[in-house]
Amino acid sequence: MSQVVGRDDLLLVTLDTLRFDVAVELAEAGRLPNLAAHLPGGRWEERHAPGSFTYASHQAMFAGFLPTPAAPGPHPRLFAARFEGSESTAVGTYVFDAPDLVSGLADAGYRTVCIGGVGFFNKRGALGSVLPGMFQESHWEPEFGVASPTSFEAQVARAERVVAELPAGQRLFLFVNVPSLHQPNWFHLPGATREAGDSRATHAAALEYVDRHIGRLFAAASGRRRCFTIVCSDHGTAYGDDGWTGHRLGHESVWTVPYAHFFLEPGAHR
């Protein structure tokens, strides 16, 4: 990353609340053609989330603590604040002196842009302004939120506009928080009802919805130059697993998340 930063554009996509097991099942079944085409070996990497809910996890990721490989470490990090004694800062780590990665990339000349999704990015109050406030430019509107059945399409359209308006030489760090997997997601499965509510099946249907549109986001992000891309979940969620429901709790369905990073070559996506 010490060579990538300053050369390539950067894209971070958090598929908010996506469960690892659902992501793996759909990829293996060929139900995620657009995402699976970019996953190394066609497979998601199993990792542990840095937090059990959106706010905590994103605060950690924006400090350089991306989801950790689910195997004994230490594991070298892609990004790290300069910190004495850090065992996960390696030769290739991009080290920044700012209090967070977003500011560090801005200091390195990047235009930092947030396209929010869940309520922690809606800028409707003090708490919902903290995370988007780290960025030079941030976008949120009701069409991007958890209650919108077309949230991701609206976010992608905004991302396309953001990229189109940038000067050709301007490096970009684009962050997109995708709310489609978060509850409510029942409306993504034909035949599901509000009364029946969300389930593992509606969660899976929401991921298929995201896959149908993510190619446009990849095309926009890599339309000007090569783009280093991270796609991951910030945490999972429980649908009655061992009696547990929801997240902000310590169940395996919450802490285990899918992760991938890869390069998007310019002009290779539609």
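Which residues have the most contacts inside the largest nonpolar core?

1. In this predicted model, the residues in question are Leu 11, Leu 15, Trp 44, Leu 174, Leu 207 and Leu 217, within a core of 44 residues. At least two core residues come from each of the strands E1 (9-15), E6 (111-115), E8 (172-178), E9 (227-232) and E12 (256-264), and from each of the helices H1 (20-28), H6 (151-164) and H7 (200-221). Helix H7 contributes the most, with 10 residues.

2. Leu 11 illustrates the packing. Setting aside residues up to four places away in sequence, Leu 11 is in contact with Leu 174, Val 176, Leu 217, Phe 218, Ala 221, Cys 227, Phe 228, Thr 229 and Ile 230. A separate core of 30 residues is also present and includes Leu 10, Tyr 55, Cys 114 and Leu 131.

3. H7 lies across E1, E8, E9 and E12, and its direction makes an angle of about 170° with E1.

4. The sheet is open and has eight strands with mixed pairing, in the order E3-E2-E12-E9-E1-E8-E6-E7. Strands E3 (68-69) and E7 (137-139) form the edges, each pairing on one side only.

5. Within this sheet, strand E2 (residues 45-48) pairs with E12 in the antiparallel sense through four bridges. Glu 45 is placed opposite Tyr 259 of E12.

Notes. Residues numbered from 1 in each chain as written. Predicted model: local features only at pLDDT ≥ 70, side-chain atom pairs only at ≥ 80, totals over all residues. Heavy atoms only, no water. Core = buried A, V, L, I, M, F, W, Y, C linked by side-chain atoms within 4.5 Å. Buried < 20%, exposed > 50% of the residue type's maximum accessible area, 1.4 Å probe, protein only. Contact = heavy atoms within 4.5 Å. Pairing = 2+ DSSP bridges. Axes fitted to C-alpha atoms, helices over the stretch in contact; angles between N-to-C directions.
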